[in-house]
Amino acid sequence: MQWEIVIGLEVHTQLSTSSKIFSGASTTYGAEPNTQADAVSIALPGVLPVLNKGAVERAIKFGLAVGAHIAPRSVFARKNYFYPDLPKGYQISQFDLPVVGQGALTIQVEPLSGNAKPYEKVVRITRAHLEEDAGKSIHGESQGVTGVDLNRAGTPLLEIVSEPDMRSADEAVAYAKTLHSLVRWIGICDGNMQEGSFRCDVNVSVRRPGEPLGTRREIKNLNSFKFMQQAIDYEVQWQIDTLESGGKIHQATILFNPDTGETRAMRSKEDAHDYRYFPDPDLLPLDITPLMLEQVRATLPELPQAKRERYVANYALSPNDANALTASKEISDFFEGAHKSLWSQGVGTLTSPETPSAEAYAAQVCNWVTGEVSAQLKRDGLDMAQCPIIPEQLSSILKRIADGTISNSAAKDVFRTMWSEGGDTDAIIEAKGLKQVSDSGAIEKIVDEIIAANADKVAEYRSGKDKLFGFFVGLAMKASKGKANPAQLNEVLKRKLAG
Amino acid sequence: MLNSSLQQIGSALRARKISSVELTQLYLDRVAALNPALNAYITTNAGLSLAQAREADAQLANGKAQGLTGIPIAQKDIFCAKDWRTTCGSKMLENFIAPYDAHVIELFNKAGAVNLGKTNMDEFAMGSSNETSHFGTVKNPWNRSAVPGGSSGGAACAVAARLCAAATGTDTGGSIRQPAALCGISGIKPTYGTVSRYGMIAFASSLDQAGPMARSAEDLALLLNVMSGFDERDSTSLQRDKEDYARDLNKPLAGLRIGLPKEFFAEGLAQDVAGSVNAAIAEYQKLGATIVDISLPNSRLAVPVYYVLAPAEASSNLSRFDGVRYGYRAPEYSDLADMYEKSRAQGFGAEVKRRIMIGTYVLSHGYYDAYYLQAQKIRRLIAQDFTDAFRQCDVIMGPTSPGTAFNLGEKGDDPVQMYLSDIYTIAVNLAGLPGMSIPCGFGASDMPVGLQIIGNYFAEAQMLNVAHQYQLATDHHDRAPQNIGL
């Protein structure tokens with residue numbers, strides 16, 4: 001009998017403000033312990049929180065990006081518990097009145113397993129609320145002593161809670177990836193998962209289709225998509241095995257151990273805290289005016305979903321290509337930058353000299369961005385933000401293909417040289433002698449020589465063996481050292497071979 | 001000099017009749033002589049005080065003096081003051097040297113005042129008799145076997161015994177007004193948000209408000225001018241134009257409508273207190289005021305509501321005292337939980353622990369709606385009572401406390417009796433209104449009686465005027481206790 005997997009996510013995103021959510025202390029990652037812990041971060045007696053407006057703007061921005069209701073009035077509450085890295089003995093969070101209400105995120109699911117086809121799905125977002133991060137307890141640096149680093153204490157977080165809408169690890173990972181891309185896209189979070197800027201808690205349960213939701217267990221603090229996939233796969237199997245062998249699932253918080261690939265219970269519901277939430281009397285309710293909403297809306301960039309649709313509609317790109325080009329803001333910026341630059345140079349179309357077409361340019365730029373550029377990035381272990389080539393450089397290469405100066409293969413040579421050494425397209429073409437031969441006399445001469453030297457093959461071709469055409473093209477290209485204009489070469493070869 | 005007003009002291013300093021160092025030393029000598037008996041101060045630091053006095057003298061010498069320059073002011077030990085031990089009356093902070101100044105301290109420093117020392121108080125401001133202080137009880141200078149009131153008992157004692165020119169206090173449920181009444185001095189708790197809470201160790205954030213304590217309303221006005229003002233570090237600080245609280249001091253009172261809530265004169269009020277308060281009201285009528293009978297029907301719920309809300313906030317506010325980063329840590333413990341438990345069990349006194357437990361209880365799952373939420377609703381009703389009352393009158397008057405100072409130890413075993421000594425003051429904090437107490441006579445055993453004046457929001461200048469006119473017509477506020485070496 002089948003089991004249905006039910007997954008919901010709670011994602012903690014660190015907001016990219018330069019100072020903390022309730023004080024002016026810096027949020028820079030990686031400083032010496034406690035050098036960014038001011039009086040508020042340490043929770044000295046008498047200090048008070050003052051809300052960072054930048055954190056509120058980022059929360060609103062997220063809410064608008066997922067089409068959510070932004071609460072005109074939300075309330076900060078205290079979540080009370082004792083822990084050494086929680087200096088006040090309570091975390092300032094939002095409880096029953098969060099700043100962002102219900103929204104939705106469209107995800108593209110590309111199943112890793114089986115032959116399932118990619119599909120689109122809408123995941124509902126329950127809420128997103130502002131809160132402060134805790135510090136860090138550092139165990140084991142010296143014998144028998146735990147250190148406390150409060151640099152992170154008070155870093156602004158937006159906790160984004162989804163509905164239990166996901167039905168597979170693939171969907172959960174696709175949701176997390178889409179969310180990860182979105183928060184970076186709209187510039188509210190740097191998305192650095194190693195540094196803990198984007199941390200996922202995954203609620204997993206299984207049930208028989210049509211039955212009520214099963215008991216969930218929450219996998220805490222996953223900071224890589226790979227681990228998320230592994231953790232869910234393991235947990236799902238564990239729950240199914242437990243149920244099928246007659247056991248029961250108990251609500252629990254669990255941790256994933258990447259070394260063993262297993263999940264393990266951290267605490268059960270029985271030891272759950274009573275957090276004694278109540279409105280923080282040190283902070284006024286957060287009122288968001290329609291004006292503020294509009295001001296934030298004006299700073300919102302075109303969103304990935306809208307871009308994908310536009311790329312398909314306006315440029316006739318495939319949905320797959322559109323997805324690849326909108327994987328991050330940097331990639332789409334690069335694509336659009338190169339496309340715009342090529343278009344504005346007014347070069348004749350790539351496919352037809354008569355009618356320059358945005359579509360044709362887009363296809364060409366897309367091929368290069370998803371092909372050569374991303375391959376080189378991957379090879380060098382870089383992401384688009386670190387790309388050594390700017391869009392205008394790529395378009396200057398494509399322009400030289402379009403105007404017939406260089407061939408596609410020569411263009412790759414130029415591109416790779418530019419990637420590793422920098423430089424100007426025309427200078428590289430000149431220095432490496434990559435200019436295409438478009439002199440029809442020179443091409444005819446090469447073709448004549450080839451025909452003369454390969455009489456047997458010419459005879460075969462003329463007797464109907466069309467496939468040999470490629471052989472001749474290859475010889476001619478080789479003879480021209482790759483510089484022959486392919487279109488011209490084809491035309492001359494065809495004519496001369498025909499006899 | 002010891003009986004002079006702040007204005008007179010300021011004039012004497014500016015006229016160079018006395019230097020700030022001399023004046024500061026005079027008070028320090030008095031504290032050295034009298035504090036062993038009265039215990040009004042937890043900490044004095046002659047080095048720090050005299051350094052400020054010398055700075056003040058330099059300013060006085062080059063004509064840059066302001067109203068308070070060079071005047072020694074006692075600071076309640078709830079305000080963090082850089083380099084000063086700041087204990088909040090607790091063993092928990094017995095060795096805590098504050099690394100920064102509270103906004104109130106900054107303002108006094110900027111005004112050139114001298115910090116004369118940190119006054120005794122109930123532990124974390126929880127108490128009405130100063131008996132919960134870890135640093136021993138404060139004695140009432142009028143009768144040393146009686147309490148001074150609390151929680152600002154040290155401040156009230158210091159002002160009454162002429163151990164400072166004036167003092168600061170804080171008032172969460174009556175902690176300025178009740179000790180002022182019991183020690184025969186004047187004190188005002190301004191509208192919530194008037195004085196920044198930054199650097200003032202929190203008891204119940206939505207109720208805590210600092211204010212001045214002094215020998216006259218006139219002095220209070222000068223002090224409030226210094227202490228008040230917007231502070232962006234306190235989100236509940238009010239962004240209003242700076243005002244001069246002394247501007248209306250000399251207005252005549254003709255036509256003033258005084259509301260007398262019947263609930264404040266009902267059962268539980270001591271006869272001697274009622275007598276003095278009624279005499280004061282008769283005096284006001286002579287000054288041209290008219291009397292309006294009013295009712296504050298929900299005020300009877302103020303004490304129970306307060307003892308839900310204040311402990312709820314306190315239970316959370318005091319969580320930071322965990323032995324991890326500063327403050328008391330138990331010398332021996334087995335693990336983290338044990339360290340928390342022992343440090344807090346040993347570092348906090350009985351009353352603080354009682355309130356933490358009450359607060360934790362009322363916020364707990366399953367009780368929150370019945371207690372905390374319900375109390376918040378009643379709090380609104382209490383505030384609404386005042387709004388309705390102020391449609392009929394300009395100020396509200398009544399007793400500050402139901403009796404004069406009771407004896408040390410008298411109510412120690414009965415927290416509810418102790419809580420009831422704030423029965424007339426607490427509603428004012430719940431509503432966020434300004435309230436003050438001024439001396440209005442002496443009761444059966446010749447102990448001071450306080451008259452409470454409650455104003456509408458931001459009516460401090462009017463209230464100070466009302467108090468000042470009374471003090472021009474009477475001399476209760478000028479009387480000093482015996483045996484204070486005058």
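In strand E4 of chain A, A:Gln94 is the bridge partner of A:Phe76. That pair is a handy way into this model, which is a predicted one.

- A:Phe76 belongs to strand E3 of chain A, which covers residues 76–80 and is joined to E4(A) by five bridges, with the two strands running antiparallel.
- Those two strands are part of an open sheet of three, ordered E4-E3-E14 in chain A, and the pairing is antiparallel.
- Which strands sit at the edges of this sheet? They are E4 (90–94) and E14 (278–279) of chain A, and each of them pairs on one side only.

**Chain A as a whole**

- Chain A has 16 helices and 15 strands.
- Why call chain A more spread out than a compact globule? Its radius of gyration is 30 Å, while the globule rule gives 23 Å for 499 residues, so chain A is well over that figure.
- If you draw a box along the principal axes, the C-alpha atoms of chain A fill roughly 95 × 55 × 50 Å.
- Buried residues account for 39% of the 499 residues in chain A.
- Take the contacts in chain A between residues at least 6 apart in sequence: 69% of them link residues at least 24 apart.

- Helix H3 of chain A takes in residues 169–185, which makes 17 residues.
- From its first C-alpha to its last, H3(A) reaches 24 Å, close to the 24 Å expected at 1.5 Å a residue.
- Is H3(A) mostly covered or mostly open? Mostly covered: 15 of its 17 residues are buried.
- Just after H3(A) comes A:Gly187, which has a positive phi of about 75°.

**Chain B as a whole**

- Chain B contains 15 helices and 11 strands.
- For its 486 residues, a compact globule would have a radius of gyration near 23 Å, and chain B's 21 Å agrees with that.
- The box for the C-alpha atoms of chain B, again along the principal axes, is roughly 65 × 55 × 45 Å.
- In chain B, 60% of the 486 residues are buried.
- Of the chain B contacts between residues at least 6 apart in sequence, 76% join residues at least 24 apart.

**The 11-stranded sheet of chain B**

- Chain B has an open sheet of 11 strands with mixed pairing, in the order E1-E3-E2-E4-E6-E5-E10-E11-E9-E7-E8.
- At the edges stand E1 (41–43) and E8 (290–294) of chain B; each has a single partner strand, so one side of each has no neighbour in the sheet.
- On average, and ignoring direction, neighbouring strands of this sheet are turned by 35° against each other.
- Within the sheet, E5 (residues 186–189) and E6 (residues 209–214) of chain B pair in the antiparallel sense over two bridges.
- Opposite B:Ser186 you'll find B:Ala214 in E6(B).
- Helix H2 of chain B (residues 20–38) lies across E1, E2 (72–76) and E3 of chain B, and runs at about 15° to E3(B).

**Backbone spots to look at in chain B**

- B:Gly150 and B:Ser151 are joined by a cis peptide bond, with omega about 10°.
- B:Ser151 sits in the loop between strand E3 (114–119) and helix H5 (153–160) of chain B.
- B:Ala125 is also placed in the loop between E3 and H5 of chain B, and has a positive phi of about 70° although it is not a glycine.
- Is B:Ala125 buried or exposed? It counts as buried, because it has 30 C-beta neighbours inside 10 Å.
- B:Asn483, another non-glycine, has a positive phi of about 60° and lies in the segment after helix H15 (460–473) of chain B.
- B:Asn483 counts as exposed, because it has 11 C-beta neighbours inside 10 Å.

**Where the chains touch**

- On the chain B side, 31 residues are in contact with 25 residues of chain A.
- Helices H9 (302–317) and H11 (350–363) of chain B are the elements that give two or more residues to that side.
- H9(B) gives the most, with three residues.

Definitions and conventions
Residues numbered from 1 in each chain as written. Chains lettered and ligands numbered in written order. Predicted model: local features only at pLDDT ≥ 70, side-chain atom pairs only at ≥ 80, totals over all residues. Helix = DSSP H or I, 4+ residues; strand = E, 2+ residues; numbered from the N terminus. Rg over C-alpha atoms; globule rule 2.2 N^0.38 Å. Buried ≥ 20, exposed ≤ 12 C-beta atoms within 10 Å, placed from the backbone. Contact = placed C-beta atoms within 7 Å. Pairing = 2+ DSSP bridges. Axes fitted to C-alpha atoms, helices over the stretch in contact; angles between N-to-C directions. Expected span 1.5 Å × (residues − 1).
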